[in-house]
Amino acid sequence: RESDHRAWTPVSYTVTRQNATVQGLIEGKAYFFRIAAENIIGMGPFTETSKEIIIRDPITVPDRPEDLEVKAVTKNSVTLTWNPPKYNGGSDITMYVLESRLIGKDKFHKVTKEKMLDRKYTVEGLKEGDTYEYRVSACNIVGQGKPSFCTKPITCKDEIAPPTLDLDFRDKLIVRVGEAFSLTGRYSGKPAPKVTWLKDDIVLKEDDRIKIKTTPTTLCLGILKSVREDTGKYCVTVDNSTGSRKGFCQVNVVDRPSPPVGPVIFDEVYKDHMVVSWKPPLDDGGSEITNYIIEKKDTHKDLWMPVTSATVKTTCKVPKLLEGREYQIRIYAENLYGISDPLISDEMKAKDRFRVPDAPEQPIIKDVTKDSAVVVWNKPYDGGKPITNYIVEKKETMATRWVRVTKDPIFPSTKFKVPDLLEGCEYEFRVSAENEIGVGDPSPPSKPIFARDPITKPSPPVNPEAIDKTKNSVDLSWQPPRHDGNGKIIGYLIEYQKVGDEEWKKANLTADSCPETKYKVTGLTEGLTYKFRVKAVNAAGESDPAHVPDPVEVKDRLEPPELILDANMAREQHVKAGDTLRLSAVIKGVPFPKVTWKKEDQEVSPKADIEVTGVGSKLEIRNTVHEDGGIYSLTVENPAGSKTVSVKVVVLDKPGPPRNLKVSDVRSDSCYLTWMEPEDDGGSVITNYVVERKDVASAQWVAISSSSKKRSHMAKYLMEGTQYQFRVAAENQFGRGPYVETLKPIKAIDPLHPPGPPKNLHHVDVDKTEVSLVWNRPDRDGGAEITGYLVEYQEDGADEWTKFQTVPMLDCVVTGL
């Protein structure tokens, strides 16, 4: 239980050993503990701890101190330092105990005074030459801990240390002219080192501007109001008997540049611009020249005008000058730190003095071979300075870049043989002249030439022959010559000679009028015999002639007619009414046949356009109507024979009117119409008939059927007693044909039949010349009111009845017997 509580808390019920570990206690609190033994019968009495126990880690002596080091040694003292132990034993360190042992003795002796807590101590009063080793221990409330590891044996004598050098400056330092700068640092060494400053390996000494300050631990070099000459490599040397250390710094004292070096040279002077040049400044101020600033001034004015401030070259073009005016140029150099004083030129007038040579005239090309050509040109105006070189360039005509033909100078000759051409390529050449001012404009390009060996006359054409003839012409054909003389064949010359004559006549005057390997010689006389010959022509001239082997008699060649039908001359041709009918065929035959078109063995309609050419014929009828249909024939005929082809033309149109429109079976509310199909169905199947009716008193026709394919129709829903007219038209895919109407109006009434016979005819009185008759009405009146009775008589034995009269009533007196 906690010391301030009365309740006990069980820790364990199952401990069989004579010890137990109590977990979960709170550090710093005080506890009482009790324990009882238990057997099978039960638990015995508790035994209690006599006093409270405070919970904390157990306290031990501290660990050994760490990092015991010797910091300084003299002939009679040693200075040591150390770090506290890693673990203080659970209690604060109360003091350190430093012990020493003279080498050769066994025991360590305490050298520190009481209660020393500092971790640095100087052991004094030692004897020079003695050698000691040292150790240190830490003490806490429990006692003194283990001593540290011993130092190495230390002999008492004055210490020697090589120099050290710690600089405050970098390898490079940039300083503006007029500013002060200093180089500082710290140093050490035993014995005290000597400090020396050098610039560019020369020892520096103090003067009005150079200040040197050295203390036992610091060093400093200061320079007041620096000048460009202070630029250099500075070195500080620290040395003693054990060695030396050096530190370096490259100091660059920078300033604006000095002026550019004159004089200003006018390299080129023209009426509107000049080119000037100069030399860079002798002193660039310690920084690279970034650019030059160029200005110009008309000497009549006081105003300097800027030209450019962006050039880094020592040459500049001064533009926009007025011809005849005098100008001065001034030039500044600029670096990162400023602009120099100016360099001012002499006065110079803006006028043309010298210029590059003019462009030569168009060069002439001679002596062309497959890999070379000679370029010849005339000397141009030299621009005031002698021409020193000519530059000849070549270019393939389809290329865009000109190439120099040689890097060697060409002078004074005005012709040059260009080598290394590619055979078959087309080239142009141009020439430029050069003087000390520069290279002039190139000449206009030469006329293009092909790199190939010189052209000679071609060999004669091969195998000339007559392939056709008429009564006044002969067609010749041949093959090209075997050798074209290295030149393109321009064409051919054809000549002919009447057998018996000596003179050859030209069929064509120029070769380019016959570029092909065939020609038709015309204007010959029928029945005569001619010889023919052909010459090939290239740029070098005419070849020897090649003769047609045999003389040719001029007369018509007979070939029977031949017809090659176009697609529109198939066996049957359908044309929509209103469209254009075209029939055509290719016609062959020698002489060209006579052409005849017919329709149904009759002349073709005058509206047909018939065209006959040297190769065929065409018949065309615009806006066709149904009557243009029929069988068309084309006949071609010449002395060698004839040929005929036919084609059936169907003009597709609306159908004609139906035939034999009849009305039957008239009733009071209907009638039956019948008709026959049209004579002409328009070339297309009848799709349906349209039936319409009209009241005689009305102007409006009313459709009563428009989709039936039958050739009859029952007209229903008539009004009794009304008179009607009917009409019918046929339709096909091209439209509706004309109507056919009933000849007379039809009255909607039921049909009438003759009445039945009168009944019970008998006489009621007889006289010598007359008889009185009476009768009764018949059983049926035939559908209409009885209007009268016809009375007839017959003499006994006679064959014929004699009409007496018609009476309205049921009686009659027959007289005149």
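Buried is used here for residues under 20% relative accessible area, exposed for those over 50% and partly exposed for those in between, with a 1.4 Å probe and protein chains only as cover. The structure is a predicted model, in which local features need pLDDT of at least 70 and side-chain atom pairs count only at pLDDT 80 or more, while totals for chains, interfaces and linings use all residues. Residues are numbered from 1 along each chain as its sequence is written, and side-chain values use heavy atoms, with hydrogens and water left out.

**View A. Strand 49 and its two pairings.** Strand 49, which spans residues 581-590, is mostly covered, as 7 of its 10 residues are buried; strands, like helices, are DSSP runs numbered from the N terminus, with at least two residues (E) for a strand and at least four (H or I) for a helix. Strand 47 (residues 559-565) pairs with strand 49 in the antiparallel sense over 5 bridges, where two strands count as paired if DSSP finds at least two bridges between them. Within this pairing, Glu 562 has Lys 588 of strand 49 as its bridge partner. Strand 49 also runs antiparallel to strand 53 (residues 616-621), to which it is joined by 6 bridges, and here Arg 582 stands opposite Glu 620 of strand 53.

View B. Strands of a sheet pair through backbone hydrogen bonds, either parallel or antiparallel. In this open sheet, 3 strands follow the order 56-57-60 with antiparallel pairing. Strand 56 (659-664) and strand 60 (712-715) are the edge strands, each pairing on one side only. Neighbouring strands of the sheet are turned by 15° against each other on average, direction ignored; the axes are lines fitted to C-alpha atoms, for helices over the stretch in contact, and angles run from 0 to 180 degrees between N-to-C directions. Strand 57 (residues 671-676) pairs with strand 60 over 4 bridges, and the bridge partner of Cys 671 in strand 60 is Ala 715.

View C. Glu 692 has Ala 703 in strand 59 as its bridge partner.

**View D. The loop position of Ile 141.** Ile 141 lies in the loop between strand 10 (131-139) and strand 11 (154-155). Ile 141 counts as exposed because its relative accessibility is 65%.
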